[in-house]
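Trainee: Could you walk me through reading this structure, one feature at a time? I'd like the general idea and then the case at hand.

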Amino acid sequence: MKVADNIRYVSTRGNDDAVSSAQAIIQGLAPDKGLYVPTEIPKLSFKFTSMRGVAYRDIAYKVMRSFFTDFSLEELHKCTAGAYDEKFDTPLIAPIAHTSEAEFLELYHGRTAAFKDMALSILPYLLIAALRKERVDSTIAILTATSGDTGKAALEGFADVTGTEIIVFYPKRGVSEIQRMQMVTQRGKNTHVYGIQGNFDDAQRGVKDIFSDREFEKALAARGYRLSSANSINIGRLVPQVAYYIAAYVRLIENGRIKNGDKINLVVPTGNFGNILAGWYASKMGLPVNKLICASNENNVLTDFINTGVYDANRKFVTTSSPSMDILISSNLERLLWHLSGGDSQEIKTYMKNLERDGKYRLKPDTRAAIDEMFYGGYASTRTVHQTITKLWNEEHYLVDTHTAVGYKVYMDYKIKTGDDTPTLIASTASAYKFADKVAACLGLPKEEDGFAYINAIKKKTGVPIPEGLRRLDKKAVLHNLNVKPADMIRAVDYVLK
Ligand SMILES: *Cc1c(COP(=O)(O)O)cnc(C)c1O
């Protein structure tokens, strides 16, 4: 059985034919380097109140079937049931905690202790189902650029999945020690991990270049391989993320934190703009959202963009204590602009051409006004982020990681500036233990030998359980220790896919 309305996917840059969601998921990036977008954003197929008491996976299923209309209901059931199970350390999957000021949507209860698990635990299921539907029999090679968390979540999701190889590129000096250890100790004979001498933007650019290399594509096809992506440029990453905002709203009603119909603000610590875009999609589906608050660290290109309408990546790249947000080129913004421009791919192509040529572009007035209406942009310095972690622990006994703290700080600034007291949901994107050295310092703990000692010290002080995936990480063997220059990424892929 299929649902009635058929949603198709087109490239933001408009040069290719519309495809089904299965094809878009297999493809990852569109052939013209654009991103796949749904031609229409479906409305929610249910009332929030009718979802009270319904399990996370069933809400996710309902959201996904509105977008992935070419999948059968049985296929989608299998995907959601396979993904949202005991891999998560709570049956709630994404529980909500609250402090005196805000609700925290904890998205880090999956295997790798960051929100990337919410989508990457289901993407392999979606991809396998898509391959079967489209009768693709090539081996799929997943290329992934990571700012720290996507890499491990993708490795964990795809390890030993038949018919796939997974290759991850991470910035050698741009991830936390724990993040690096999680990746380089990954088991699975189809897993490949490379450090690159560069930052996340270099890794992402390298991956996009490999995707659009037609010669290389042909060579790989002759060997039986096809490339796809586990980054949020893949629509199969984005749609599962829409589900948790919807599910969170249901939980807030259940817990009596809001009444059905109340508006809420969403605060999202942002890097590649995937998570916050999912929040925007949720609002277009019918989630009552007042403001989408885009929180950045010192790499505040998005703050300036939202406030001025000019995207200007010509600035110093800063290495902060929230490495998963150390990004200057936020890919998913392209999708938002496509939607806000009314699907004007000519406009998008001009922006992206200017971005590539000059590192900047200026929005047309209408598009800028549309951003202004929905979004607020702010950023927090590393120093204030650390003060925030200290304060939240001391005053509320709530432990947050460096990324979530960026969100909370920007929200507190927003509240002072605007006086807005709309109930607010903050996307809590990682476990504090992933950034143990920084968090330990915020808690006033002494210097230690390594990341693992910090983990134990935080546990001792706070009593917050250590995520299963981070326990005994120091005892695991390092299985990946290769490094490449960004320019040699393609050679690494060529070598792996011999
Ligand atoms: C990936 C990540 C972010 C940024 O999310 P985007 O979807 O790239 O904007 C924020 N915090 C953490 C912990 C992350 O892993």
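Mentor: Gladly, starting with secondary structure: the chain has 20 helices and 15 strands. Helices (H or I, at least four residues) and strands (E, at least two) are DSSP runs, numbered from the N terminus. This is a predicted model, in which local features need pLDDT of at least 70 and side-chain atom pairs count only at pLDDT 80 or more, while totals for chains, interfaces and linings use all residues. Residues are numbered from 1 along each chain as its sequence is written, and side-chain values use heavy atoms, with hydrogens and water left out.

Trainee: What radius of gyration does the chain have, and what would a compact globule have?

Mentor: The radius is taken over C-alpha atoms, and the globule rule is 2.2 Å times the number of residues to the power 0.38. For 498 residues a compact globule would come out near 23 Å, and the chain's 21 Å agrees with that. Its C-alpha trace spans about 60 × 50 × 45 Å along the principal axes.

Trainee: Now the sheets. In what order do the strands of the parallel one lie?

Mentor: Two strands pair if DSSP finds at least two bridges between them. Here 5 strands make an open sheet, ordered β8-β5-β6-β7-β15, with parallel pairing. Because β8 (225–229) and β15 (482–484) each have a single partner strand, they are the edges, and one side of each lacks a neighbour in the sheet. From one strand to the next, the twist averages 30 degrees. For angles, axes are lines fitted to C-alpha atoms (for helices over the stretch in contact), and values run from 0 to 180 degrees between N-to-C directions.

Trainee: How many bridges join β5 to β6?

Mentor: There are 6 between β5 (residues 139–145) and β6 (residues 164–171), which run parallel; Ile 140, for one, has Thr 164 in β6 as its bridge partner. Helix α6 (residues 149–158) lies across β5, β6 and β7 (191–196), at about 165 degrees to β6. Contact here means heavy atoms within 4.5 Å.

Trainee: And what is the strand order in the sheet with mixed pairing?

Mentor: That open sheet of 6 strands reads β3-β4-β14-β9-β10-β13. Its edges are β3 (96–98) and β13 (375–379); each has a single partner strand, so one side of each is without a neighbour in the sheet. Direction ignored, neighbouring strands are turned by 25 degrees against each other on average. Strands β4 (residues 103–106) and β14 (residues 424–428) run parallel, joined by 4 bridges, and Leu 105 has Ala 427 in β14 as its bridge partner.

Trainee: Which residues come nearest to the ligand?

Mentor: A residue counts as near if one of its heavy atoms lies within 4 Å. Of the 15 residues around the ligand, Lys 116, Asp 149, Gly 271, Asn 272 and Asn 275 come nearest. A polar contact is a pair of N or O atoms within 3.5 Å; within protein, one must be able to donate a hydrogen and the other to accept it, and residues adjacent in sequence count only if both atoms are side-chain atoms. A backbone N or O atom of Gly 271 lies 2.7 Å from a ligand oxygen atom, and for Asn 275 the corresponding distance is 2.9 Å.
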